[in-house]
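I opened the model to look up a few things about it. These are my notes, in the order I made them.

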Amino acid sequence: MDKLPAWADIVLVPLISLLLAAVISAIVILAIGQDPWEAVRVMVQGALGSSYGWGYTLYYTTSFIFTGLAVTVAYHASQFNIGGEGQAQIGGLGVALVCLAVPWPHWTLALPAAMVGAALFGAAWAAIPAYLQAKRGSHIVITTIMFNYIASALIVYLLVEVLRPAGQMDPATARFPAGAALPTFKDIPGLNLIFDKKVPANVTFFIAIAACFAVWILLWRTRLGYQIRAYGKSERAAIYAGISPVKVIMIAMLISGGLAGMMAINNVMGEAERLLQNSAEGAGFIGIAVALMGRNHPLGVFLAALLFGFLYQGGAEMGLWTSIPIELRLLLQGLVILFTGALDNMVRMMLVPFFRNRAKEAA
Amino acid sequence: MTGAQDSGARQATAAPTSAPPAIELRGISKAFGSVQANKDISIRVMPGTIHGIIGENGAGKSTLMSILYGFYKADAGEILIDGKPTQIPDSQAAIRAGIGMVFQHFKLVQNFTVLENIILGVEDGPLLRPSLSKARKELKRLAEEYELHVDPDETIEELSVGHQQRVEILKALYRQADILILDEPTGVLTPAEADHLFRILDNLRQQGKTIILITHKLREIMEITDTVSVMRRGEMTATVKTSETSPEQLAELMVGRKVLLHVPKGPANPGETVLEIENLRVVDEDKVERLKGVDLTIRAGEILGIAGVSGNGQSELLEVLGGYARATGTIRINGQEIDLTGKHSDAQSRRHRGIAHVPEDRHHYGLILDFAAWENMVFGYHNEPEYQKNAMIMDNDGIVEKTAAAMEHFDVRPPIPTLPAKSFSGGNQQKIVLAREIERNPDLLLVGQPTRGVDIGAIEFIHKRIVELRDAGKAVLLVSVELDEIMSLSDRIAVMFDGQIMGERLPDETNERELGLLMAGIRDTKGAA
């Protein structure tokens, strides 16, 4: 009865949610005595107004795509993976170990190896909560949250006690060999015509796009995806069909953790070129919002990641160039998450009468 | 056009008496969006009678009653109570007008006592004690007057479903309802509980209460009502005196075409033994023994019906055979023993051994409601090579094509493979499950409650298909709580009670009374038969 046409559900509802978030943000900015138009101008200019801005926006987008996809895959198996943050950090450890183990002659060799390292480490970090859920019934939300803290502590320990080169002051690994440096957009022929300054966006962006496509294939074209979605919709029905819940939970969480881990290719290998503390910088959590807003579909994840990349970069610029405090970036993101996620149904219900009337007129 | 329908409906109502009708609805219409749920409905219910309203799922019965009870506002039409036009904007107004409703899904507070539930919403003041003691006295009177006995101090969760329903009726009577509406009241009851309910309703009628009984079961209409109105697609197609009609006529009025209530079938031609079960035992998570040593055999070309009140082990039997419950004992398919606890005890392995399964609960087991019809059509068989493009990728386009053919073959409406399962009616959902399981051409078909929540027209189709499978030389194990269904489909009937087989009977040599006694656990029925 109360149903919207598909286009309204996919396009209109998120758009109105965003608008509402923007309006409330504007009111808050007005309330602290600043000019919201100026904020918008600086954000758009800073994030999208130049190739330099795009270089940052797409860099953030890349990270968010991976963590968003990670949440998406787990979601379809009805697992809420909040551990993307920890899995991304441990993925970074995998990247660092691979990059430092061999004096890589060229990035084309280093990249596949680092991808495997990132995915394996990320997956391994997701494997323990997954096993506890599948076999012991420990709730995945609780365990993945705890594993974020464990990951963070483990990384600090390793950086301070094990991986830090002798004599180095800060807790970080040594710099990766030059052969492991990924080409940024400025180094890629063709793209360098647009990106003339050094930007952090790098080839990982294309891997992220490929990952979107791969996840789509996985979920909607493969037998494995069919089983994951079936289990995610109904555990009882899955058992009736002979689908093993243990197998589905384990595999979906391993893929999810692997995707979160792969984010490290972007930030650890592509940008920092060494492993630092807290390398994921909250991207694991933003992935939850990205998946939520992207309706747990890879295309939606891509678009939502782009939006959050814009908010992240634009927000930083706003903090830099206006007297609006940078904390407002968090408010903005929070409002976007609130409206597109939690209040999604509210917006939908507001639209329902409108479409009902339209249907009546048409009839 | 409206006038003609009006007069038609009026002519058909019960013989006029001096008293005005307890309820009269005139020209009630209600639309949801483009769906016309009720179309110009007029009905007169005489006081002191039981008036049945019958119709298929989605015919508009529940909408009509919701309007009468103030949940919905009619787009047009008026309501007269005892001859006086009455506005019913909400359920409080309905209660004031003397209307009580017993919903299909009870609206009771599970951890409150019976008394507390009775007074909920009609407490006299801030202190409960006076209300409670008043209610206790009143309850005692009602219990004696109408044979509605329940322990007032028991909490609802401790009561059986039948007793919970009595509490709902008492709630209505306590609020001085003169008109009782019961929505599919027997759907959740055992046959014995249903019988008791009908005795209560009969009592209420004799005390002058007016009762509206909504149901889709023809037998109940014939058994208890004085007058019956038939609804089809939002319209009232007829109102007739129950004594002047027949189940066949009502079925035709409901569906709009002639319906076979009993599918004709020839004598069985049993062949080799397909299924042998010996000493099957199941212990559930709470260490309760659910199956206590069941022995059964089914031969090819034979339908074995399992009769029994639900909860006596039939579900467990199906689950073990289907491969998703653990058991001890022996099960042989075509002479070969199957693995009951080890690596090959899952549902996939059972399908490989030629067992297909139409589960009792299609919403939670048989279908994934959010999945499209084509995705559901391979559910459980998704690993079969014919549905794959290569080692990883499924042949989605091929499955859609095959689904379209199967939907055609099983008359699933609408025949759109990409529609999600939840958009189909109960009968069409069941046809999807049946198509999936029968098209695999299994050696043994397990069928649980094949027609639960299924329209009468679809029942005929489903029964025909089950008999066809038998005639093709397959073995069928049928579990149903509908005794009619068991009697008309089975070649042999086994009755289950408390996890045991109480006995086996041939349908021609037994009757409902004998089976009913066996279902109640009374084994020595020689005298009764």
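**Notebook: a helix residue and a sheet**

I began in chain A, where Gln89(A) belongs to helix α4, residues 84-101. I kept in mind that this is a predicted model.

I moved to chain B and looked up a sheet. I noted 6 strands in an open sheet with mixed pairing, ordered β16-β17-β18-β13-β19-β20. I asked which strands stand at the edges. They are β16(B), residues 355-358, and β20(B), residues 500-505. Each has a single partner strand, so one side of each is left without a neighbour in the sheet. From one strand to the next, the twist averages 20°.

I picked one pair of strands from this sheet. In chain B, β13 (residues 302-307) and β19 (residues 492-497) pair in the parallel sense, over 4 bridges. Within this region I found Gly305(B) opposite Ile493(B), which is in β19(B).

Last, I looked up helices against the sheet. Helix α10 of chain B, residues 314-322, lies across β13, β16, β17, β18 and β19 of chain B. It runs at about 145° to β18(B), residues 475-479. Helix α15 of chain B, residues 426-439, packs on the sheet and touches β16 and β17 of chain B. The direction of α15(B) makes about 180° with that of β16(B).

How values were computed:
Residues numbered from 1 in each chain as written. Chains lettered and ligands numbered in written order. Predicted model: local features only at pLDDT ≥ 70, side-chain atom pairs only at ≥ 80, totals over all residues. Heavy atoms only, no water. Pairing = 2+ DSSP bridges. Helix = DSSP H or I, 4+ residues; strand = E, 2+ residues; numbered from the N terminus. Axes fitted to C-alpha atoms, helices over the stretch in contact; angles between N-to-C directions. Contact = heavy atoms within 4.5 Å.
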